[in-house]
Amino acid sequence: MKNKKRFLAVMMAVVMSVATFASTPAVTTQAKVKIIVGKKLNLSIGESEYVVAKGKGVTYKSSNKKIATVNKKGLVVAKGAGKCKITVKQGGSKATAKVNVTPAKVKIQSVATVGSSSGESLAQKLTLKVSWKKAKNVSGYYVYYATSKNGKYTKKTVKGAKKTSTTLTNLVYGNTYFVKVKAYGGKKKIASKEDSKVLSVKTYKKVWSDEFNYTDKSKLLDNWSYEVGHGDPYGWGNQELEHYTDNGENVSLNGSALVIQPKKETIQCGGKSVTEYTSARMISRGKREFQYGKIEFRAQLPSAQGTWAALWMLGNFKDDKGNTVGWPDCGEIDILETLSDTRTGLFQLDKIPQTIHCRKYNGMSSSSGPKHHDSIVKGSTTGYHTYGIEWNEKQIDFYIDGKKTWTYTPSQYVTQGDGTNDPEKWPYKHNFYLLMNVAIGGTLGGGIMGENGKISKHVVYDNEVTGVKGQMKVDYVRVYK
């Protein structure tokens, strides 16, 4: 009986134990949160990207908000250069995303020579100024420069978040320099992922100049000759009235500039005494001739009604038969001219044409007309301004005071090739010489204001043409390669 009771007690204990076990929940292990997008982010300052984790109830936190922030939806915004982590939590599980932030790509704005290359000695070193747009949240900038786009770049460090320019010194004239910029930031000076756009600037070395800083007229003949005569027929082909002299009376040197002064006087011409306008036309033919490069004149121009001043160039070369090529086949480059309105004959104050002439394009009725651009240069008759060209194998760029005004290239007027093998459009592959002159009247000089206040092509005396207002002053002429 006792054994029976003991058995029943054991069985009851087993049943209760099984029941207790069956009613106890099973113990489970939670899965680790998993980042499915953005486990490793590479951003530039200002960029943003999502970190995405699978599941609900996910939270996000940045280890360094100065480098990157993150919102409750997982959007990471890059703030400053450096590295940080985004911690992703879900319940008791967490994971991390790595964030690498670099400065944004810099917007480079300009690369230019400092000041004018004018006045620098042949041995003087070149200085370039580089400018860029300020970048956000950076410590400074790296400026790289080289003499070929794919060559080895030299690096200059520019400290300071607010800096937007620097100068590169001790460079060499005659090179083309390629420049690019990166920003850097953070303790480790992390640089932008991308270089800025590469800008280039072509520089020139001065190979010759006449500064006119002397008073001895005989020194002029080292570089220049006087071209004389009326230029018959029809006054150099332009109906001009002046007679160019070689006695030096129409030229003076004041120690800082060459001055060409028209006059009204009685001269011997063709065995006769005649009263007419005289002036000077200085040419460098046979003494100073150039093929390609940068040519600059600095001058103050006449303002007298009827004057026609010019600083220009003509080609000097021979054809296959050994004959000197004449105009317009030789080519003409008018770096500057003054003019009168062809309708009224009145002087156009401060209006400066810059023109090319060749067989295809010239001022004659048989051509398609010259190619030119007119600029307004305020103060051209009251102060000095710089007029120039940059001339290479394919084009001629015209400048006034360092700013490009227009470009002539034959490639604009051909359907095949670049046009430089067409002598009718491009005679500019030969030597050219320089000219400086002040003409009177003619197709661009217009009528001359006489004493009676009326325009006349023939007057006995004109105090403006023959006075200070008729003068052209040339501070210098410089040639660079």
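Begin by selecting Q305 and G345: a polar atom of the Q305 side chain lies 2.4 Å from the backbone oxygen of G345. This pair is a polar contact, that is, a pair of N or O atoms within 3.5 Å, in which, within protein, one must be able to donate a hydrogen and the other to accept it, and residues adjacent in sequence count only if both atoms are side-chain atoms. The model is predicted, with local features requiring pLDDT of at least 70 and side-chain atom pairs counting only at pLDDT 80 or more, while totals for chains, interfaces and linings use all residues. Residues are numbered from 1 along each chain as its sequence is written, and side-chain values use heavy atoms, with hydrogens and water left out.

**Stop 1: around Q305**

Keep Q305 selected. Q305 lies in the loop between β27 (293–300) and β28; helices (H or I, at least four residues) and strands (E, at least two) are DSSP runs, numbered from the N terminus. Is Q305 buried or exposed? Q305 is buried, because its relative accessible area is 7%, and buried means under 20%, exposed over 50% and partly exposed in between (1.4 Å probe, protein chains only).

**Stop 2: the whole chain**

Zoom out and colour the chain by secondary structure. The chain has three helices and 38 strands. Of its 481 residues, 47% count as buried. A contact means heavy atoms within 4.5 Å. Among contacts in the chain with a separation of 6 or more, 66% are between residues 24 or more positions apart.

**Stop 3: the largest pocket**

Next, select N238, W312, W327, E332 and H357. Of the 36 residues that line the largest pocket, these are the closest to its centre. The volume of this pocket is about 890 Å³. On a 1 Å grid over the protein atoms alone, a pocket is an open set of points where a 1.4 Å probe fits, with protein on both sides within 12 Å along at least five of seven lines; lining residues have an atom within 4 Å of a point. Grid points are joined across faces, edges and corners, and a volume is the space filled by probe spheres set on the points.

Which strand supplies the largest share of the lining? Strand β28 does, with five residues. Elements that each supply at least two residues include α2 (234–239), β28 (307–315), β30 (351–357) and β35 (432–440). By class, the lining has 16 nonpolar, 12 polar and eight charged residues. Here Ala, Val, Leu, Ile, Met, Phe, Trp, Tyr, Cys and Pro count as nonpolar, Asp, Glu, Lys and Arg as charged, and the others, Gly among them, as polar.

**Stop 4: backbone angles**

Most residues other than glycine have a negative phi, and most peptide bonds are trans. Select W327 and P328, which are joined by a cis peptide bond with omega of about 10°. P328 is found in the loop between β28 and β29.

Move to W236 in helix α2. Its phi is near 60°, a positive value in a residue other than glycine. W236 is partly exposed, with a relative accessible area of 22%. Then select D401, in the loop between β33 (396–400) and β34 (403–408). D401 has a positive phi of about 50° although it is not a glycine, and it is partly exposed at 40% relative accessible area.

**Stop 5**

Select Q354 in strand β30. Q354 is buried, because its relative accessible area is 0%. A polar contact of 2.7 Å joins its side chain to that of T405. Leaving aside neighbours within four places in sequence, Q354 is in contact with residues including D334, H372, F398 and W406.

Continue to Q471, in the loop between β37 (455–456) and β38 (472–480). Q471 is buried at 17% relative accessible area. Its side chain makes a polar contact of 2.8 Å with the side chain of Q261.

Lastly, select S218, in the loop between β18 (206–210) and β19 (225–226). S218 is partly exposed, with a relative accessible area of 44%. Its side chain makes a polar contact with the side chain of D216 (2.7 Å). The C-alpha atoms of S218 and G248 are separated by 9.4 Å, although the two residues are 30 apart along the chain.
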